[in-house]
Amino acid sequence: MKSRRRRAGGTVKRKTPVTPFLLIIISVIATPYTLPSFDSPALPAPSVATQSSLVWRVQNVEYVESPWYTSLALDHDGMPHICYSSGGAIKYVRLTEDGWSREYIQYSFCHAPSMALDRNGSPHIVYLDGMYTNTVYTTWNGTGWTYDAVDLLNGWPPSIELDTAGNPHVCYAIFEGVLKYAVKRGGVWRVEAIETLPEIGRYVSLALDSRERPHIGYYDKENGDLKYAWWNGTSWVKMNVDTAGDVGLFVSLALDSNDIPHMSYYDATNKELRYARWNGSGWVRESVDTDGDVGLYTSLALDSRGNPHISYYDKGNGDLKYAWWNGSGWETVRVDTAGDTGLSTSLQLDSHGCAHISYVSATAKRLRYARTITLPTEPQNLSVRVGDGFVLLNWTPPFYNGGERICNYTIYRSEVEGEERVLTIVDGNTLTYNDTEVENGVEYRYCVSAVNRAGEGPRSEEVSVLAGGLPGEPGWIEVRGGDGYVFLEWGEVEYDGGLPVESYRVYRREGGGEVELLVEVEGERRYNDTDVENGVEYSYSVSAVNGIGEGPRSEEVSVTPLAAPSSPRELKAFESGEGVLLLWSPPEYNGGAPVVGYRVYRSLQGGDFMLYSEVVGELRFTDSDVIRGIEYSYMVSAVNIVGEGVPAGPVTIRLPTPPAPPRNATVQILSDSLCLRWEEPEDDGGADVIGYTIYRTVDGGPLELLASLGLKREYIDGDVQPGVRYLYRISATNRVGEGPPSDPVRALFAYPPSRPENLRGKVMKGAPLHPFYVSLSWEKPEADGGSPVEFYRVYRMEEGEGEHLLTEVHGATHLIDYNVTVGGIYHYRVSAVNIAGEGEISPAVVVLVGEVPGPPRYLITIPGSDKIVLEWYPPEYDGGFPVVEYCIYRAAERGPAELIGTVEGDVRIFEDMEVSPGTLYHYWVSAVNAVGEGNMSVERTAMIRQGAEGVGAAHMPWQWILVTALLAISLVPIGLFLYRRFMGGGLGGNTGEGERGVHSHQDEYGKLQK
């Protein structure tokens, strides 16, 4: 059984930090450095090691001295950045196209760096400063290094990660045995303790999940366990991962895409490399490598499928090793076996899944960098160009070279699909090849592959091509011109160049202009050119095109197309004394031949057009066979020797008739007249309306002319009497004559009624469905305006809203409004409506929906030396409106109750200063809301003892004695809690000098019950 070592209780004291000069000294000495000269052999050239299915490229980076640590990160381009300690100095190197670039960060007494890169590729580093016993954070700001103290104590090597905003998260442990987590936001570090044990967190590894919450793997030396902690959003969750022996050294933590934790670590008891992962309900642990003393300095990375990859040190053989899960089992390889090598490994995987490792060779005292080399991807953009007896190939380099330069390209060729053979091999700097060993007319297929030191990559996509020469010109060409077109035909070529003719190109010259490509025709030897202008001369030539290119053009042939004339211009129709007059202008283009005449077409009422007449020598035509009110449409076309052109028009005309009746006539009752209004006729008969005529009938008498107007569509009839019925009809007149009258409109001359009287509103209690409703009633208007009231309009306005029509009431002078809510304030107004319209609206009545409040609760009286204090609780029910005031009543001895004062609704205490010792007083309190004053509270009594400074128990009311005793009993547990909290050291125990424990308390509150 594993022994468990526990630390004795007591306070852990810290070393006093040396803080004042830290940032000043760092800012002075931390500048880019020039490599010092060492008495050591020159660094060897990069070497390539091959084992299993992986190819490794290993190179020396820098001379190092113990103690050494390395931390590797990759930028967006997959280029490595390494931060390391050497002889107490912190250094930083990165690989560029020009080689390794090096800088000093701090010169002495520093070690254990951990690095992360932000999205711009700038390094963020945390390390231990042994001179000032600080944990220091530094980053590159673009021109220099900035320094900041995370903690004024240091201890074991820290671990750093960056969130998406670039904020640093750091996990570390101090020598006093406290595992800490720190994050910097807004320029301020927030530090908290996670766990306290002797030498806790000697090895830590930090990762952030998709919600940027921290996850930490760490080693518990006190118990020899591997542990895991993560922040769930409200607290730290901690658990044991592996407790079988002394396990958890050199822990490395990574999270997969589902935020599942994976850890690699060293089992010191069995001297083996182990791996653990969370399966959703528990930790799955397994041995990865048990061959000797293996598994020190582990570094874990996960590939795109979530499979683990681990770099580690084989102490028994002094080798750098690498293990990975291949989907069904673990594979291990030795990466570097030159001397004692593989210490302080740091592993990263790039976007192609290639491994990058930084580590230290103790024998050579060198910082080394190893990476896997994979096969290159296929070459890109393979294209071919053919000529007479050759095929020229071009391509671009692979998207990814596998991490090593391309040595050469292999070119494959076949004449049958799937039977490719190597045509030739060219060096890696060549991206073109001319194949001259081809026959015209033969189809060839080509593909290309890239080769690096790891081997040959996949082949590019295959392209096929026919080899051959250019075709000859077509054997003959014929053209025929017509009305707006030229039709071309041509013969086959005598020689196709060894390849089929794919298309023909037709060229055209307009008049004496330049030759231009008109169209490319595939599949046939004819073309109809409709993009021509009649009367213009065109010249055409044709060439053939095969897979190689375009052959010579044929000789030009010319043609001039002719056409019928264009449409006559400016066709118009007019009314004349003889009927309809048509006028037009000659066509803009005569089609290449003179116009010999015109044809007139006519349509009646939207019917078909028929040839109506032919006109020679004139640009006009009169149609005398027309009828007023009938719609006629006309078209006119021009005719030349080629034929008839496109007709102009149509133009439409209708000889006017008298207008239709005016529309939508209405009559409005005014105070002393009737106002007629109407709309213009739907059909003006084809001529503008010039006036209106008004006819009137009085009480069923004959229809008589009342007035003749101009274009105004309103008339005021002031010759009217109350109670008399009038009928009106209106007609419209145009230049042809007066049209039929409108439909009659009738009116009884009357006035709107006066306002309803005595509007009253009352709040009523109802059933549970409507606990309150408003009952409205009113009286009829004093004057109905000469016409009986037809209905009443009830308007309502709520507080904070505008007035709106609530409803219309027919045959009654009362209304029940159920749609009200308790606490609502409603304003009601009513108007009467007769045939003349709506009368004056009544004054508003205001109704408050609710009740007076209930009595105040829990009234108590507290006698003093010269006054009596009253306190109470609000009513249980406020009646639907807030309490705005409390009324205090008092009776001396058994006298009558009198109002002695009031307080505002948010005050529930009152001091009665007008009291005399020895007199027994009776008190009541009532609440007041917007509705009114409610019932009084329960009666309470009080008396001031004669000659006393305070309240004597003998004169204290028994209710007050009971309340005082209950309050004293309830304060006992609160006093005990406060004593333990502030005098007894708190609930959480002592967390160490300068540390404050984090506790959660829940207050309990008592409530008075009715």
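Modeller: Let us begin with burial, where buried means under 20% relative accessible area, exposed over 50%, and partly exposed in between (1.4 Å probe, protein chains only). Of the 1010 residues in this protein, 46% are buried. The model is a predicted one, in which local features need pLDDT of at least 70 and side-chain atom pairs count only at pLDDT 80 or more, while totals for chains, interfaces and linings use all residues. Residues are numbered from 1 along each chain as its sequence is written, and side-chain values use heavy atoms, with hydrogens and water left out.

Colleague: What does the secondary structure of the protein come to?

Modeller: Helices (H or I, at least four residues) and strands (E, at least two) are DSSP runs, numbered from the N terminus. Here there are two helices and 74 strands.

Colleague: How should I read a pair of aromatic rings?

Modeller: One gives the distance of the centres and the angle of the planes. Rings of Phe, Tyr and Trp (its six-membered ring) pair if their centres lie within 6.5 Å; planes under 30 degrees apart count as stacked, over 60 as edge-to-face and the rest as tilted. The whole structure holds 33 aromatic pairs. One of them joins Trp100 and Tyr369 edge-to-face, at 5.6 Å centre to centre and 80° between the planes.

Colleague: Which strands hold Trp100 and Tyr369?

Modeller: Trp100 belongs to strand β6 (residues 99-106) and Tyr369 to strand β29 (residues 366-373), so this pair links distant parts of the chain, 269 residues apart. Trp100 and Tyr369 are both buried. Another edge-to-face pair is that of Trp678 and Tyr692, with 5.7 Å between centres and 65° between the planes. Because Trp678 lies in strand β53 (residues 674-679) and Tyr692 in strand β54 (residues 689-698), the pair ties together parts 14 residues apart in sequence. Trp678 and Tyr692 are likewise buried.

Colleague: Which residues form one aromatic cluster?

Modeller: The cluster consists of Tyr203, Tyr219, Phe250, Tyr266, Tyr297 and Tyr313.

Colleague: Where does the charged end of Arg459 sit?

Modeller: A charge sits over a ring if NZ of Lys or CZ of Arg is within 6 Å of the ring centre and within 35 degrees of the ring normal. The charged end of Arg459 is over the ring of Tyr412, 3.6 Å from its centre. Likewise, that of Arg553 is over the ring of Tyr507, 4.6 Å from the centre.

Colleague: Is Ile641 buried or exposed?

Modeller: Ile641 has a relative accessible area of 75%, which means that Ile641 is exposed. Ile641 is found in the loop between β50 (631-639) and β51 (648-654).
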